[in-house]
Each structure stands twice: as structure tokens, then as C-alpha cells.
Amino acid sequence: MFVECTKALPERLQPFCPAWPLSGTEAKETLGKLPGQFFNQLLETAKKHEGEWPGLPASRYLDFTRNGNRERFEAPYMQRRRMLNAYAMAELVSDKTTYLDSIIDGTMLLCEESGWQLPAHNSYIRDTACAPLPDPDRPVIDLFAAETGAQLAMLLHLFGKQFDDISPLIKGRIRSELQKRIIEPYLNEHFWWMGNGDEPMCNWTAWCTQNILLTSFLIPLEEDTRRTIMTKAAYSLDCFLKDYGQDGACEEGVLYYRHAGLCLFNALNILTQVAPDAFSSLWNEPKIRNIAEFIVHMHVEDERYFNFADAPAKAGHCGAREYLFGKAIRSDILSTFALFDWQQDPCADLPDEINLFYRYQTACALANLSPDAAKQSTRPSIPDHFYQSIGLLTARDDHFTLAAKAGDNGDSHNHNDVGSVTLYKDGKPVLIDLGVETYTAKTFSPRRYEIWTMQSGYHNLPSFEGVDQQDGLRFAARDVTAQLTDDLASLSMELAGAYPTHAGVESYHRTVSLIKGQHIEILDQFKGDKRPTLSLMLAIEPQIKGNLIILDDVCNTWLRRRRIANP
């Protein structure tokens with residue numbers, strides 16, 4: 001899809017403006033008109049961060065290879081970037097040079113770091129052991145090296161003139177580091193996330209590629225270099241898209257939609273600005289539209305979404321990127337939903353986002369948003385939906401919000417959760433997916449499934465005398481059928497294939513149904529040698545009374561236990 005578009009590249013590429021759909025001049029004028037609460041939020045965030053820059057000693061980098069701890073290094077690493085972004089946004093809207101020295105301090109700190117890659121990503125080949133310390137002579141481009149490159153490129157774009165007024169050495173240092181750590185390794189190395197034939201990709205591909213393109217079109221580069229980068233980026237984006245079904249489902253869940261689908265949006269945003277005749281037609285592609293609208297169908301209530309894999313149930317409100325993506329593809333349901341949800345917390349992307357481009361994009365979109373449009377935004381009606389590519393059904397009535405997942409256990413960020421069910425009543429959780437604990441070295445290692453949150457026994461699924469589901473693509477649901485009518489939403493599947501042979505499961509057939517205006521029904525039919533034990537993960541401590549599982553009166557919900565022996 002993207003590679004085909006590169007055949008129509010123009011002789012001369014157009015400039016890129018990160019304030020899209022505004023021009024740079026319009027953005028500067030518009031930011032001065034930010035509504036008071038947002039203007040004050042930016043100044044308050046900068047003031048809150050005033051203080052000493054956190055240190056990053058080598059011993060903290062070594063933590064990961066020594067004991068698997070990621071937090072001790074990652075927390076101050078991210079804090080540096082949040083501080084720098086807070087100062088940059090406050091400086092932009094106040095226009096008083098109050099924070100310019102702090103911006104220069106932070107910029108130089110980042111330039112002086114030995115490596116921009118996280119300790120957990122400090123390797124050159126996929127799924128190999130990480131080196132204990134970064135090699136400054138051979139940079140690694142991981143998620144956060146690419147993020148740091150884009151951050152410095154944005155600072156150069158926004159404050160280049162002010163830097164020159166103090167010393168041209170500032171701009172020179174930034175350009176030198178970006179050339180050495182981003183441009184040259186991108187052109188001369190192969191990192192796994194760039195794509196290689198049928199090798200599976202994940203959110204890394206769109207996320208890193210977006211930030212490479214940002215860097216490449218915000219700093220001065222030769223035209224031929226930019227064209228080479230565009231061609232390589234186009235191949236990576238096609239490698240990313242190949243792992244999505246035509247229905248656009250993100251197998252990594254909502255949290256990673258924001259690092260995958262939304263990064264695809266901004267990568268395409270950049271490409272359509274610099275080569276509109278070549279890439280603009282992609283906004284009309286059904287697959288890209290489906291990827292964009294995925295988040296709408298995952299929404300439950302407020303900040304809650306249906307979650308699976310490593311994604312959390314609380315994934316935050318939508319913001320400018322979802323809204324702009326909806327506008328770009330002319331999706332009424334996405335732009336309307338995103339605008340409504342964004343207005344629940346309009347400043348959500350301003351205080352903590354480590355990507356400066358996202359903060360700038362949010363502020364520009366806020367400043368350009370019609371007050372009437374914001375006031376009139378309403379949540380659209382969300383239809384029931386079945387994502388065949390990952391076997392996911394979502395359904396709603398006036399009280400219940402239900403998700404049931406078939407699929408397989410070979411997803412990116414996989415949990416063994418084939419056949420799992422998530423249920424809300426009146427926006428409150430009933431049957432839940434716990435998500436994931438804090439990442440450690442064990443999380444992405446051969447011992448991943450020793451972690452209890454990854455195991456099927458904690459996903460509203462049965463075990464068979466202690467035997468749970470097995471990880472891997474071949475451990476999957478079979479005979480999956482979905483039924484969607486005005487009165488019924490139902491997903492039926494055979495789960496035996498998700499369990500290893502020694503579980504002794506001849507058949508475990510599950511049907512999950514929402515009978516509209518009445519109730520939820522989960523019908524399990526089992527045939528096999530070992531006794532099944534069904535575990536339910538409940539949000540509220542239950543009372544057991546006979547064949548009823550009664551939850552708190554606030555939820556006013558009960559579950560009926562019904563055993564069907566070997567049919």
C-alpha cells in the first residue's frame with residue numbers, strides 16, 4: 001500500500017508543519033488564544049516541574065541486566081523528558097523567555113546521555129540478550145531513542161531562532177546528535193521493527209517510523225536523504241499493515257492502539273503533507289479507516305475500555321490525535337466520539353505525555369477548536385461489532401456492555417485468554433480482565449507465562465486439574481461463529497484446541513450471549529477425561545447462596561451456576 005505510493009513521489013517534497021491542519025504562522029497566532037484553563041494548565045505544569053533534573057547513573061542502567069528492574073532507570077529517564085516538554089509548552093504560550101534556559105539545560109542533558117534506548121531494549125537483534133550499558137559508538141534505535149530524536153527535532157523547529165540568539169552551538173549540537181543517533185543508524189542498520197518479509201511486526205513499527213519521519217522532516221536534510229528515508233519508512237508501514245486484518249482490529253488492545261493506529265495516522269499525516277499527490281489517497285483506504293475506528297468499539301464508560309493482552313482496563317480519554325484521525329478519514333463516528341470523550345478531560349495530553357509533538361498537536365487543535373463544537377459534542381450510539389481477525393465480539397444494551405474473545409494465544413503482548421469474557425453492568429465492572437503487572441525482565445522472557453496475570457486460569461476460563469491453556473499461535477479457538485441481530489449478540493466457539501493434549505479436553509464449547517433487554521448467558525459444554533474448574537474474576541467480592549453468586553447490591557447483579565456434565 002505505502003510502497004506503491006512511493007512510485008508517485010514528486011520531484012520536490014513539500015515542507016512539513018507539525019501544527020496540521022494549521023500552518024506554522026496560524027499555529028503561533030492561535031496558541032495565544034488558548035482558553036484560559038488550558039493556558040493555565042501549561043504554566044502550572046511547568047511550575048510544578050521546577051527543580052533539579054534527575055540523574056541517570058550507570059548503576060541504574062545496569063539494573064535491568066542485573067536484577068530485571070526497569071523502574072529505577074525508566075522513571076527518571078521519563079521525568080527528564082516530561083520536564084523538558086513542560087518547559088517547552090509553557091514557553092510557547094507565554095512567549096516571555098521564562099523557561100528558555102531550562103529548555104537549553106534539558107536539551108543538553110539529553111544530548112549528553114550515553115544512549116537514548118532503554119536498558120530493556122539495548123540489543124541489535126530481536127529477542128536477544130540486552131547489553132548491560134549503551135555503546136555510544138553504535139546507537140540503538142528503540143521506541144524511546146526514536147521518541148527522543150523527535151523531541152529534540154521539535155525543539156529545534158520551535159526554538160531554533162531563540163537558540164541561535166544565545167549560541168549557534170546549541171542547534172549544531174542537536175543536529176549532530178540526531179545525525180549520529182537517528183539518521184545514520186536508520187539508513188545503515190537494520191532494526192527488527194523496520195520489517196523483513198513475513199516477520200511479524202507490532203506497535204513498534206508504526207511508533208518508531210512515525211518518529212523517524214518527524215525527525216527527518218523537522219531538521220535540515222538533503223532531499224535525496226529524505227526520499228531514501230521515506231522509501232524505507234513506506235516499506236516498514238506496509239510490514240506493519242500486513243499483520244492487521246482487513247477489519248482493523250488491534251490484537252494488542254486499546255493502550256497499544258494509541259501507539260500503533262494513532263502512530264500510523266501521524267506517519268500518514270507527515271507523508272501526505274510532504275507528498276500529497278502520492279499518499280493522500282490512503283485516507284480513503286477501508287483498512288486504515290477500520291484501524292482508526294477500533295477504539296470506538298472498545299469503549300465502555302468514561303476511561304474504561306474492553307481490555308485484553310497487556311492493555312489495561314483504564315486507558316484514559318481520547319484526545320486530539322483520535323479526533324484528527326477521524327477528521328482525516330471523514331469518519332463521523334470516530335470524530336464525534338473522540339470529540340465527546342476528549343471534552344471529558346481536555347488537558348489529558350498536556351501534563352504527562354513524553355512526546356512533545358503530541359502535546360503541541362493537542363494545544364494547536366484545542367486552540368483551533370470551535371467552542372460551540374466542544375459544547376455540542378455528544379457520545380454517538382456504538383453498534384455491536386465482531387472483529388473476525390481476532391475473534392472479538394463487543395455488544396451493548398441499556399444495561400450491559402459485553403466483550404467475548406476467541407482468537408489464539410499467539411498475539412503480540414499475548415495473554416492466554418482464548419474464550420475470555422469481560423462484562424460491565426451500568427458502566428460498572430462485573431467480570432474483569434486484570435491486565436498486566438509492572439513490566440520487568442521476566443515479562444518479555446521465556447518465563448512470561450509463569451506470571452499469574454498471563455495465565456488462562458485468571459481470565460474467566462476453566463482449567464483441567466491444574467492444566468491451563470498453552471501459549472502459541474496453534475492454541476486457538478475453532479468453529480467460531482458470531483450472531484448479531486437487533487435482539488441478540490452471541491459468540492460461539494470450541495476451546496479444546498487452546499489447551500495442550502495432556503489437559504484431556506475432548507471438547508469445551510462456549511457460547512456467550514447478550515439477550516437484549518434481559519440478561520447475559522454463558523453456556524459451557526464439556527467433554528473430556530479431567531474434571532474442569534471454572535474460575536471467575538469478579539470486580540466485587542461475591543456472596544455464595546446455593547446456586548447463586550451474588551454481587552454487591554450497588555451492582556444489583558447475580559450469576560447463576562449451572563453445571564452441564566459430559567453431554
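This is a predicted model: local features need pLDDT of at least 70, side-chain atom pairs count only at pLDDT 80 or more; totals for chains, interfaces and linings use all residues.
Close-up 1. Together with L434 and W452, Y458 makes up a nonpolar patch on the surface. The accessible area of L434, W452 and Y458 together is about 260 Å².

**Close-up 2. The kink in helix 7.** Helix 7 covers residues 143-166 and has a kink of about 75 degrees. The kink is centred on F159.

**Close-up 3. The start of helix 7.** Here the view shows D142 and F144. A side-chain oxygen of D142 comes to within 3.2 Å of the backbone nitrogen of F144.

**Close-up 4. The salt bridge of R70 and E74.** The structure has 23 salt bridges, and one of them joins the side chains of R70 and E74. The N to O distance in this pair is 2.8 Å. R70 has a relative accessibility of 12% and counts as buried. E74 is also buried, with a relative accessible area of 14%.

**Close-up 5. R81 and E113, a salt bridge between distant parts of the chain.** The side chains of R81 and E113 meet in a salt bridge with an N to O distance of 2.7 Å. R81 belongs to helix 5 (residues 71-94), while E113 is in the loop between helix 6 (100-112) and helix 7. The two residues are 32 residues apart, and their pairing links distant parts of the chain. R81 and E113 are both buried. A network of salt bridges links R80, R81 and E113.

Close-up 6. E322 and R258 form a salt bridge in which the closest N and O atoms are 2.6 Å apart. E322 is part of helix 15 (residues 320-328), and R258 sits in the loop between helix 11 (254-257) and helix 12 (261-274). This pair, 64 residues apart, links distant parts of the chain. E322 counts as buried, at 2% relative accessibility. R258, at 9% relative accessibility, counts as buried too.

Terms used. Residues are numbered from 1 along each chain as its sequence is written. Side-chain values use heavy atoms; hydrogens and water are left out. The bend at a residue is the angle between axes fitted to the seven residues ending there and the seven starting there. Helices (H or I, at least four residues) and strands (E, at least two) are DSSP runs, numbered from the N terminus. A polar contact is a pair of N or O atoms within 3.5 Å; within protein, one must be able to donate a hydrogen and the other to accept it, and residues adjacent in sequence count only if both atoms are side-chain atoms. Patches are made of residues with over 30% relative accessible area and no salt bridge: like charges are joined within 9 Å, nonpolar side chains (Val, Leu, Ile, Met, Phe, Trp, Tyr) within 5 Å. Accessible areas come from the Shrake-Rupley method with a 1.4 Å probe; for residues, only the protein chains shown count as cover. A salt bridge is a side-chain nitrogen of Lys or Arg within 4 Å of a carboxyl oxygen of Asp or Glu. Buried means under 20% relative accessible area, exposed over 50%, partly exposed in between (1.4 Å probe, protein chains only).
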